[in-house]
Amino acid sequence: MSNGLRVESLTFSYGSKKALNNVSFDIAPGRFAALLGPNGAGKSTLFGLLTRLFTSSDGKIYVAGQELARNPRQALGQMGVVFQSQTLDLDLTIRQNLTYFAALHGLSGKSAAIRIDSALERLGIQDRAGEKARGLNGGHRRRTEIARALVHNPKVLLLDEATVGLDAAARQSITDHVHQLCADDGLTVLWATHLTDEVYDSDRLVVLHQGQILADGECADLRGDQTLKDYFLAKTGGAE
Amino acid sequence: MMRYLTALRAIVLREALRFVHQRERFIAALVRPLVWLLVFAAGFRAALGLSIIPPYQTYITYETYIVPGLCGMVLLFNGMQSSLSLVYDRETGSMRLLLTAPLPRGWLLFCKLLGTTAISILQVYTFLLIAYFFGIEMEPLGYIAALPALMLSGLMLGALGLALSSFIKQLENFAGVMNFVIFPMFFLSSALYPLWKMAESSPLLRDICAVNPFTHAVELIRFALYLEWNPWALLWTVVAGAIFMALALWGYDPARGMIKRKG
């Protein structure tokens with residue numbers, strides 16, 4: 001059974017407008033895959049479907065070998081998600097936020113506390129666990145959300161434009177960190193972004209444009225001699 | 001099973017913590033029924049004569065009459081306010097977080113409902129306590145008997161809010177709900193005037209009041225506060241609650257996609 005993420009012929013429409021058209025990709029376990037697409041490419045729709053916010057009858061999604069439509073709970077249990085909009089309860093402390101999330105995944109008491117400590121440590125924010133989320137800057141809020149997404153030891157981590165609204169330093173730090181997580185822990189990562197500098201040459205690159213996959217492969221191979229930015233602009237018709 | 005209870009406890013606890021952090025909201029929610037009780041009712045006392053109707057066994061003041069209705073008001077406004085926060089949560093994302101938990105969506109929504117209802121009930125009892133100090137007393141055991149009635153009514157009204165929240169696309173539309181749901185529900189009920197009084201002015205209005213689930217929730221609370229049994233009101237409240245919950249589940253069903261939004 002694969003621990004990766006597989007999407008097969010996924011199609012989705014809002015009324016008569018097709019938001020995703022026959023999208024397929026297969027991310028091997030332990031790979032960092034960047035889902036690169038301009039705004040409106042269909043990334044958020046894809047995330048909505050991957051997280052089962054809504055479903056489509058056209059196409060299939062497998063999370064760590066579990067088909068999302070058939071075994072939604074098992075599939076969701078293997079998935080950590082960082083949403084584009086921030087989802088922390090600002091009046092609660094970091095630890096309370098993570099405890100709440102752990103409980104939603106059936107973890108409580110000592111086992112939850114151990115996992116929370118370990119997740120906070122991985123993201124380097126363990127010394128701030130008692131602080132209220134409101135007091136954190138954007139970068140640390142994001143780190144908290146990533147730590148939270150890892151509490152239940154998921155096999156697949158999805159991040160939807162996780163660096164949106166952050167300054168350059170925080171953006172770089174978060175991007176590096178998630179790459180590191182992928183390398184160290186064998187986590188399968190799907191990183192949606194519209195910013196080419198967040199994609200490394202060794203990453204798997206999936207280019208999404210107008211609801212369709214335009215390119216899929218190793219980033220270095222795809223871009224060749226061009227910079228990724230030029231490659232991306234040429235592919236998407238300068239839509240960035 | 002343990003997973004279900006762990007999630008339930010966490011969701012209810014989160015509501016409780018939110019409540020602790022939003023004391024202003026708690027006070028504001030209390031001021032509303034108290035203004036009605038201490039200002040509106042005082043003014044109407046002279047204008048409205050009430051005869052003896054069940055569950056009352058003697059003549060009562062208007063203030064006494066409207067207390068159960070105002071308990072219902074707290075539940076109604078809170079139920080709607082929590083659904084307002086759901087629409088807001090959905091826009092900001094914490095609802096998404098809840099819905100990606102590996103548990104049946106119906107259970108997650110029910111936990112949320114239970115959490116907000118528990119907080120509402122706390123407000124109702126605070127209101128009843130203040131009313132008590134102003135001399136409006138119920139049967140001592142009535143305060144306990146009212147608990148299941150308040151719970152059921154709160155769940156029913158919360159489920160209505162939940163159903164509405166799944167159909168409202170944007171936060172801005174919520175003002176419309178206030179005008180077209182909360183106010184008619186409150187005024188076209190037995191909360192402020194008994195139905196026979198309504199019938200005197202318009203039989204049609206009385207009939208509308210009689211089918212309003214809020215009327216039955218209020219009557220359920222009223223009878224319970226006086227240790228009387230009202231199976232008809234109970235049935236209405238339970239059936240309405242089940243219908244609203246089914247609508248909410250339908251609205252939040254990922255395949256129906258009422259919460260689909262443009263990506």
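Let me begin with Arg95(A) and Asp117(A), whose side chains form a salt bridge with an N to O distance of 3.0 Å. Because Arg95(A) belongs to helix H3 (residues 94–104) of chain A and Asp117(A) to helix H4 (residues 109–122) of chain A, the pair ties together parts lying 22 residues apart in sequence. Please note that this is a predicted model.

I turn next to Lys43(A), which forms a salt bridge with Glu161(A); their closest N and O atoms are 3.2 Å apart. This pair links distant parts of the chain, 118 residues apart: Lys43(A) sits in helix H1 (residues 43–50) of chain A, and Glu161(A) in the loop between strand S7 (156–160) and helix H6 (168–185) of chain A. Lys43(A) has a relative accessible area of 4% and is therefore buried, the limit being under 20%. Glu161(A) is buried too, at 8%.

In chain B, the side chains of Glu15(B) and Lys112(B) meet in a salt bridge, 3.2 Å from N to O. Here helix H1 (residues 2–21) of chain B, holding Glu15(B), is linked with helix H5 (residues 105–133) of chain B, holding Lys112(B), and the two residues are 97 residues apart. Glu15(B) is buried at 9% relative accessible area, and Lys112(B) is buried at 5%.

Finally, a network of salt bridges links Arg142(A), Glu145(A) and Arg148(A). Over all chains, the structure holds 18 salt bridges.

Definitions and conventions
Residues numbered from 1 in each chain as written. Chains lettered and ligands numbered in written order. Predicted model: local features only at pLDDT ≥ 70, side-chain atom pairs only at ≥ 80, totals over all residues. Heavy atoms only, no water. Salt bridge = Lys/Arg side-chain N within 4 Å of Asp/Glu carboxyl O. Helix = DSSP H or I, 4+ residues; strand = E, 2+ residues; numbered from the N terminus. Buried < 20%, exposed > 50% of the residue type's maximum accessible area, 1.4 Å probe, protein only.
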